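Here are my notes on the model, as numbered points. Please read them with the structure open.

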Amino acid sequence: MSIFFKPPIDIEILFDNEESRKHVDIATRSSNSSYKSMKESLPVYEDGESLGGIVTLRVRDSKKVDHLGIKVSVIGSIDMLKSHGSGNSSSKKVTSSTSSSSSNGSVDVRKNSVDQFLCQSYDLCPAGELQHSQSFPFLFRDLSKRYESYKGKNVDVAYYVKVTVMRKSTDISKIKRFWVYLYNSVTTAPNTLSANETKATTNDIAGGNYAADNASDNTQTKSTQGEAGDVNQVLPISRSNNEPKPVRLDIGIENCLHIEFEYAKSQYSLKEVIVGRIYFLLTRLRIKHMELSLITRESSGLQTSNVMTDSTAIRYEIMDGSSVKGETIPIRLFLSGYDLTPNMSCNYFNVKNYLSLVIIDEDGRRYFKQSEITLYRTR
Amino acid sequence: MAYADSPENAIAVIKQRTALMNRCLSQHKLMESLQHTSIMLTELRNPNLSPKKYYELYVIIFDSLTNLSTYLIENHPQNHHLADLYELVQYTGNVVPRLYLMITVGTSYLTFNEAPKKEILKDMIEMCRGVQNPIRGLFLRYYLSQRTKELLPEDDPSFNSQFIMNNFIEMNKLWVRLQHQGPLRERETRTRERKELQILVGSQLVRLSQIIDDNFQMYKQDILPTILEQVIQCRDLVSQEYLLDVICQVFADEFHLKTLDTLLQTTLHLNPDVSINKIVLTLVDRLNDYVTRQLEDDPNATSTNAYLDMDVFGTFWDYLTVLNHERPDLSLQQFIPLVESVIVLSLKWYPNNFDNLNKLFELVLQKTKDYGQKNISLESEHLFLVLLSFQNSKLQLTSSTTAPPNSPVTSKKHFIFQLISQCQAYKNILALQSISLQKKVVNEIIDILMDREVEEMADNDSESKLHPPGHSAYLVIEDKLQVQRLLSICEPLIISRSGPPANVASSDTNIDEVFFNRHDEEESWILDPIQEKLAHLIHWIMNTTSRKQTMKNKIQFSLEAQLEILLLIKSSFIKGGINVKYTFPAIITNFWKLMRKCRMIQEYLLKKRPDNKTLLSHYSNLLKQMFKFVSRCINDIFNSCNNSCTDLILKLNLQCAILADQLQLNEISYDFFSQAFTIFEESLSDSKTQLQALIYIAQSLQKTRSLYKEAYYDSLIVRCTLHGSKLLKKQDQCRAVYLCSHLWWATEISNIGEEEGITDNFYRDGKRVLECLQRSLRVADSIMDNEQSCELMVEILNRCLYYFIHGDESETHISIKYINGLIELIKTNLKSLKLEDNSASMITNSISDLHITGENNVKTSSNADDGSVITDKESNVAIGSDGTYIQLNTLNGSSTLIHGVVATASGSKLLHQLKYIPIHHFQRTCEYIESQREVDDRFKVIYV
């Protein structure tokens with residue numbers, strides 16, 4: 001539409017101190033392949049942080065523009081590729097009311113919003129007419145952000161501020177995206193994966209529903225409480241096994257290769273270092289080299305139509321040549337230098353990280369073993 | 001990241017990236033330069049490089065990284081922090097470039113004192129495990145070692161040594177592993193590559209030795225056990241050999257001395273294929289160096305030095321015993337060099353201890369027996385040769401005597417002599433060897449013993465020091481024993497030809513045996529170097545013993561002792577069978593020497609103590625005894641050689657006769673003469689030899705003086721002349737008889753105080769002289785060949801002139817009339833000779849020609865004195881005293897070519913010339929007479 005008609009009003013959204021904020025570069029994955037490598041720099045916000053700014057409306061050609069009111073809203077939504085998104089009918093029902101409004105060019109067009117877990121809005125000005133450019137400050141105080149921003153193959157978690165000028169004819173709207181990081185507090189590591197995964201997911205699902213229910217009510221207190229409760233719930237558990245246990249895996253191909261793969265723990269903050277070792281018990285394989293890679297697995301959709309996508313975030317050679325029985329190969333992988341995705345989970349999708357040990361023999365065959373690790377973001 | 005496809009490209013890439021890196025560094029763009037470095041280092045990931053090529057790349061890269069390191073150090077706190085960089089470079093995706101960068105940054109950081117040195121070092125060496133490829137891993141660790149060389153913490157040597165040892169152990173593992181990589185058929189290539197890389201591993205031990213310095217405790221307790229454990233554990237041939245060698249080389253020899261046990265124990269646990277002897281030899285070398293150094297430092301305090309307290313030989317001995325016990329599989333080829341090295345050691349440490357050597361030889365003996373004599377291969381035979389003849393260059397036996405008197409460097413000659421006389425086992429081993437080998441060894445030994453005889457004389461002093469003076473009485477007996485041993489060693493040579501050849505079948509090795517056999521059959525007098533050497537040895541022994549005794553002033557005793565030794569020699573050489581013809585003359589000669597010595601003693605006693613009859617009679621008995629021995633020797637030769645050497649026996653008999661005559665033992669002399677005649681009569685059949693023998697007998701007889709009693713002389717000379725007149729050929733008869741005429745005309749021997757004109761009891765009988773001459777003239781006249789006849793007549797004329805000059809006419813019965821008559825006879829005969837020739841004028845011409853040239857020739861060729869000389873443009877022919885023709889080479893008058901049958905062989909031209917021989921001979925005689933007229937008036941009545 002906007003191609004044919006130039007909207008009579010230009011909307012510009014500026015966050016407070018936007019220039020001085022921390023930014024993060026996100027590769028835009030537009031449908032046009034030539035822009036694939038383009039990067040978009042977005043300001044970073046964290047959970048509970050207030051989001052404020054100024055909306056400037058400029059009237060084109062000094063014409064008077066009538067409107068039924070100007071509304072600003074902050075939206076967090078989970079978007080999925082259409083093909084997959086169409087599958088979950090249950091969630092569609094919930095989000096159908098808002099999905100239409102997100103069909104704006106700035107969000108990945110291929111993805112449909114399946115869940116709007118955050119939607120707060122208020123009117124900037126009542127219905128009237130705009131005669132000249134006008135600025136409106138806005139502020140969402142102590143905004144709770146449930147999920148981290150995420151941009152994956154099939155799923156995105158997107159946050160944006162949307163300003164809508166409602167008119168009798170088509171509304172004019174403008175969105176501005178921002179990025180959200182959720183930090184785990186330094187002292188608390190998230191719960192161990194195996195023990196608490198189910199619990200966490202149920203929590204998430206519950207919380208997600210709750211947030212979705214309340215989204216239209218503009219009540220943010222409850223959702224923050226829920227979040228806090230979540231953290232509180234986690235705390236005692238994580239404290240109880242504060243001493244990280246080393247993870248030890250026996251890997252082998254019968255009569256051919258037998259190694260022991262050990263690393264210090266299964267949860268890492270993104271700034272941490274993975275330290276471990278590989279102990280060779282038996283090698284009849286002519287190994288060319290051995291790599292450690294970190295695989296980020298995104299699985300989306302509900303159980304019935306689950307789609308998984310792997311992407312290798314790190315590929316790191318740890319051994320050159322073939323080892324022999326009794327050798328120990330050290331592993332040390334600094335994570336902070338890489339752009340990694342922490343583990344995420346909600347009822348629509350989850351992101352998991354796997355440490356994968358890949359052995360390539362001299363004939364080019366690859367042998368690998370994956371084991372899940374949890375990554376989390378710390379300040 | 002990919003690497004270049006060829007080494008050339010790789011070098012190009014490296015150079016390019018180095019340039020880029022340096023440019024970025026100059027612009028302070030560290031990140032970019034690190035990226036370039038990383039790309040450059042990718043070349044070191046190439047798996048297709050040979051160690052050499054890899055090393056080339058490594059060297060270039062090492063330089064580049066040095067640049068980088070310099071930059072990093074210079075800009076450390078201002079532009080970057082090395083601790084951060086250390087983390088940063090670890091993001092490098094590939095392990096090889098990552099580690100090179102880590103080490104570069106880490107070691108740069110180490111230069112600063114605030115750096116956590118130990119942590120960094122530990123971390124680097126730990127992370128190096130990531131490279132498990134042998135070649136890449138070795139170079140990486142070598143890089144680590146090179147970079148950290150100067151940067152190890154100074155205050156903690158044990159940490160440093162642990163660090164280096166850790167690196168060493170890992171390197172060794174990688175190095176060993178290289179052997180087992182790749183396809184089996186490339187095994188050889190692998191081994192070669194490993195040898196190329198060995199220096200990288202060895203460098204770690206060198207580093208260790210530098211770190212240790214003189215900290216023996218640490219060496220003994222920590223380092224050595226760890227290293228040796230590693231060496232044993234790797235069970236790899238190349239590695240064990242190389243590493244033990246390096247260990248022996250790089251660490252201080254004092255350390256080796258103190259840890260000898262451990263080191264030797266280690267070799268027991270090595271891979272069975274490792275050549276232990278190399279290692280032991282290296283060790284021995286080091287220990288010997290130690291001794292040398294100690295001696296140089298303090299040459300006088302050798303006995304008090306601490307090192308001598310240690311029983312080094314004992315340690316080695318125990319080791320050998322254990323080794324022999326535990327490794328019965330060890331072949332002789334391996335075992336012998338091992339023993340040899342211990343011998344080297346023993347000689348250096350205990351130069352005078354032959355017990356040790358005996359022990360060692362016994363061990364070898366045992367081993368050889370265990371091993372089975374039959375199984376001795378050619379290689380081990382060679383080893384035995386080297387072992388037994390001490391050809392090993394490591395044996396510091398010099399034949400020079402310039403070394404200081406108390407230095408352990410002994411003369412090889414002495415050493416061997418001592419060895420032979422003191423080590424029974426040595427002889428036993430030798431006896432186990434094959435005959436040809438024994439011969440070789442003994443040959444070698446004799447060569448050594450007789451080497452530089454002159455220096456031996458000078459060496460006598462030092463030798464006497466070996467034996468304290470008080471032992472002199474005992475020394476003689478000891479000497480006899482020594483001689484006995486020496487002779488028993490030489491036995492294979494002595495009997496070398498009579499014994500059945502051991503293994504003629506194996507063709508090429510026994511060439512000399514075959515050779516010996518062949519000319520054994522022929523029984524000819526071919527020069528036999530071995531037997532000649534033995535004869536030499538006999539003289540050497542006798543000389544040596546006589547020298548010793550004269551020094552001790554024990555002549556009385558020594559004569560008998562020498563006799564004993566000589567008898568000993570005789571009894572052992574008699575085993576040689578036919579060989580005695582080579583060796584017994586030497587023994588007999590020594591008997592003669594002893595006889596002369598005996599006579600000297602007698603004379604001495606006669607002067608000083610004429611009253612001591614018993615002693616005198618003792619010596620005269622001794623003398624007679626010795627003649628008996630000689631006689632027996634000659635008989636032995638005769639018995640063992642049959643007729644092949646009658647000439648020799650004849651001459652020996654005559655020589656003995658002369659000696660006996662000179663010692664006034666006329667009975668004995670007569671016996672020997674009669675023996676000579678027996679030989680002549682019974683065994684000499686060849687007419688030419690007979691003439692020679694007769695001349696020889698006549699010569700001997702003419703010089704005798706003691707035989708006049710009891711008419712021995714008369715009967716002998718008559719017999720001699722009789723034999724002469726009975727010779728086969730007439731010219732021989734003629735010559736023999738006129739020569740025998742001298743037997744009745746004794747001439748002065750100035751040595752025993754005779755003088756012509758003063759001494760008046762010469763045995764002279766002119767009548768018999770004339771009789772002889774007449775008889776020979778008769779024979780000459782009866783010869784059919786005119787030339788021969790004339791020639792002989794001229795010779796008789798010369799003889800007559802001799803007696804004419806030397807005696808009065810009344811004594812000699814050679815009158816002027818007789819001489820003139822003879823001259824007339826010759827002239828007549830010559831005329832008839834000329835008539836035979838058709839062209840008489842030609843002869844006169846040639847005579848006048850020859851008259852001039854002939855004179856010149858007489859002067860130049862003085863050696864043809866008693867023959868006539870005929871000259872031609874090309875050649876001179878003369879006739880010898882025994883009737884053979886001699887062709888004289890005109891080019892150099894001194895050398896003569898003997899043509900026994902020149903007349904027949906050289907054709908008619910030469911035959912034609914023969915006629916002129918008597919003519920010229922006569923001419924010269926006439927000239928002589930004419931010239932004598934000037935000094936002797938009697939000649940004036942002789943008409944020419």
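1. Start with B:Glu56 and B:Lys53. Their side chains form a salt bridge, with N to O at 3.8 Å. This is a predicted model, so side-chain atom pairs count only at pLDDT 80 or more. Both residues sit in helix α3 (residues 51-74) of chain B. They are three residues apart, which means a separation of about one helical turn. B:Glu56 is partly exposed, at 36% relative accessible area. B:Lys53 is also partly exposed, with a relative accessibility of 29%.

2. A network is worth checking next. Salt bridges with shared partners connect A:Glu327, B:Glu126, B:Arg129, B:Glu170, B:Lys173 and B:Arg177. These residues belong to one network. Over all chains, the count of salt bridges is 40.

3. Which parts of chain A does the pair A:Arg177 and A:Glu40 link? The two side chains meet in a salt bridge at 3.9 Å, N to O. A:Arg177 lies in strand β10 (residues 172-181) of chain A. A:Glu40 lies in strand β3 (residues 39-46) of chain A. The pair therefore links distant parts of the chain, 137 residues apart. A:Arg177 is buried, with a relative accessible area of 10%. A:Glu40 is partly exposed, at 27%.

4. Is A:Asp361 buried or exposed? A:Asp361 is buried, with a relative accessible area of 2%. A:Asp361 forms a salt bridge with A:Arg365, and their closest N and O atoms are 3.2 Å apart. A:Arg365 is partly exposed, at 45% relative accessible area. In general, side chains of opposite charge can pair when their charged atoms come close.

5. Now the cysteines. The number of disulfides over all chains is zero. B:Cys656 is in no disulfide. The nearest cysteine sulfur to B:Cys656 is that of B:Cys633, 9.1 Å away. B:Cys656 counts as buried, with 0% relative accessibility. In chain A, A:Cys119 also counts as buried, at 18% relative accessibility. The limit for buried is under 20% relative accessible area.

6. Look at one sheet in chain A. It is an open sheet of four strands, in the order β11-β12-β14-β17, with antiparallel pairing. The edge strands are β11 (247-253) and β17 (328-334) of chain A. Each of these edge strands pairs on one side only. Neighbouring strands of the sheet are turned by 20° against each other on average, direction ignored.

7. How many bridges join β11(A) and strand β12 of chain A? The two strands pair in the antiparallel sense over seven bridges. Strand β12 covers residues 257-263 of chain A. A:His258 in β12(A) stands opposite A:Gly252. As a rule, strands of a sheet pair through backbone hydrogen bonds, either parallel or antiparallel.

8. Last, chain B as a whole. Chain B has 42 helices and four strands. Of its 944 residues, 55% count as buried. Among the contacts in chain B with a separation of 6 or more, 73% are between residues 24 or more positions apart. Chain B exposes about 42500 Å², and carbon and sulfur atoms supply 52% of that area.

Note on methods
Residues are numbered from 1 along each chain as its sequence is written. Chains are lettered from A and ligands numbered from 1 in the order in which they are written. This is a predicted model: local features need pLDDT of at least 70, side-chain atom pairs count only at pLDDT 80 or more; totals for chains, interfaces and linings use all residues. Side-chain values use heavy atoms; hydrogens and water are left out. A salt bridge is a side-chain nitrogen of Lys or Arg within 4 Å of a carboxyl oxygen of Asp or Glu. Buried means under 20% relative accessible area, exposed over 50%, partly exposed in between (1.4 Å probe, protein chains only). A disulfide is a pair of cysteine sulfur atoms within 2.5 Å. Two strands pair if DSSP finds at least two bridges between them. Axes are lines fitted to C-alpha atoms, for helices over the stretch in contact, and angles run from 0 to 180 degrees between N-to-C directions. Contact means heavy atoms within 4.5 Å. Accessible areas come from the Shrake-Rupley method with a 1.4 Å probe; for residues, only the protein chains shown count as cover.
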